[in-house]
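Hi everyone, thanks for making time this morning. I'd like to walk you through a few spots in one model, so please have a look at it first.

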Amino acid sequence: MENTGALNTELFETDDEIASLINDDLERQNSHIHLIASENFASKAVMQASGSILTNKYSEGFPGKRYYEGCETVDEIEQLAIDRACKLFEADHANVQPHSGSSANMAVYLNLLEAGDTVMGMALDQGGHLTHGSPVNFSGRIYNFVGYGLDQDTELIDMDKVKQLAEETKPKLLIAGYSSYSQNLDYAAFREIADSVGAYFMVDAAHFIGLVAGKAVENPMKYADVVTATTHKALRGPRGGIILSTEEFAKGVDKNIFPGAQGGALNNQIAAKAVCFKEALSTEFQDYTKQILKNASALSDSFINEGLRVVSGGTANHIVLVDTGSVDEELTGKDAGTLLNDMGITLNRNAIPFDKRSPFVTSGIRMGTPATTTCGMKEEELTKVGNLISEILKNRSDENKLNELKSEVSNLASQFQPYV
Ligand SMILES: *Cc1c(COP(=O)(O)O)cnc(C)c1O
């Protein structure tokens, strides 16, 4: 479908400052190569539902059990979203109301835990998320999080250590899931460990739920009590969250989203989630997610061929993490990220396992291929992107060379724009 990203004239008439700033970002989105692993480009259909008149309706509660009148239509919309999500993820139950991945996690914690309870999740500096126990996040302030991590040599999750730590700390909840880990998770082993210490097992699939939807990776719902996710990352839907669960946890999940963690549902976002689930049920979407994986492998191989060090030895998903110290010792993730953004390639600095630098500086860059794949890039282009990044970092003091590389980036980006 045609997707120009262009605004209607109403916004310019009401507020030309915001309208022109949105256009500035449209220009940025159309002129850069986008490698932020958690970003994507939603379809025009998704954005139309998200920007629709449904933003006007209040609907605290759930379909058929609302605290407001006039919910007949939004009931049908939310039910469609729920039914499609259950089909897509082969889940007994879906709650499509979470405003974000973080609120989805909050509701699950409220459901399964009391303040002070012990939870085990992936340590933040090894690939976990803020909501897995960061001291500045509600999770770390309310619950007692214990972090597991990677083996220093293989940079893979050390399941023996996870087991040992679980036996020592007896968590009430075990979480599998990450924001920057490039390998698959051994759900069966996590489940076994959770069972052996009497813990609930949750998978935070925020980053890779799109790959699950496209059947490019295993479905964690086969093993977990609860799966939380976002809808705006690899899944390519509107900003928001979702919680999937077995029947056993259905009531508890719902009650802890509303009234537990949130007020009224965002009906425009729920409609957009329904559209995104419909798109994700297609065979085209399955092809798309397989291409995401092929593109990530091509990007990773390209770095390895350039002599750069890829963390964990490569990728099995959509994420590629590069050790900037392999370009040279002095190069930080922060400096690499800033330079690459100036050159037209957007990604983010990221701690590497056992990083000696602070989280604000880091020694790594994280990349993902969902967005470039949406723009139509294939292995050939991702190989080229890996070459360009390597060349830029290696030649960062050579202004003439950088100017040359910048026009190569701009030329490639112009052939794969998200909005044309
Ligand atoms: C992105 C992410 C979240 C949170 O999503 P938001 O919508 O930004 O709140 C939670 N968990 C993991 C693992 C994530 O990657």
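Let me start with a term: by contact, or touching, I mean heavy atoms within 4.5 Å. What you see is a predicted model, where local features need pLDDT of at least 70 and side-chain atom pairs count only at pLDDT 80 or more, while totals for chains, interfaces and linings use all residues. Residues are numbered from 1 along each chain as its sequence is written, and side-chain values use heavy atoms, with hydrogens and water left out.

First stop, Asn-95. This residue sits in strand β4, residues 93-95; strands are DSSP runs of E, at least two residues, and helices are runs of H or I, at least four, both numbered from the N terminus. Is Asn-95 buried or exposed? Its relative accessible area is 1%, so Asn-95 is buried. For the cut-offs, buried is under 20% relative accessible area, exposed is over 50%, and partly exposed is in between, with a 1.4 Å probe and protein chains only. Setting aside residues up to four places away in sequence, Asn-95 touches Phe-62, Ile-242, Ile-243, Val-253, Asp-254 and Ile-257. Its side chain also reaches the backbone nitrogen of Gln-97, at 2.9 Å.

Now compare another asparagine, Asn-350. You'll find Asn-350 in the loop between β14 (348-349) and β15 (364-368). Asn-350 is buried too, with a relative accessible area of 13%. Beyond residues up to four places away in sequence, its contacts include Ser-180, Leu-321, Asp-355 and Arg-366.

On to helix α2, residues 16-31. Its 16 residues reach 22 Å from first C-alpha to last, close to the 22 Å expected at 1.5 Å a residue; that expectation is 1.5 Å times one less than the number of residues. Which residues of α2 are buried? They are Ala-19, Leu-26 and Asn-30. Looking down the axis of α2, these buried residues fall within an arc of 25°, so they line one face of the helix; the arc is taken over directions from the helix axis to the C-beta atoms. That buried set packs against α1 (9-14) and α16 (399-415). On the other side of α2, Glu-17 and Leu-21 are exposed. And at the start of α2, a side-chain oxygen of Asp-15 comes within 3.2 Å of the backbone nitrogen of Glu-17.

That's my tour, so over to you for comments!

Notes
A polar contact is a pair of N or O atoms within 3.5 Å; within protein, one must be able to donate a hydrogen and the other to accept it, and residues adjacent in sequence count only if both atoms are side-chain atoms.
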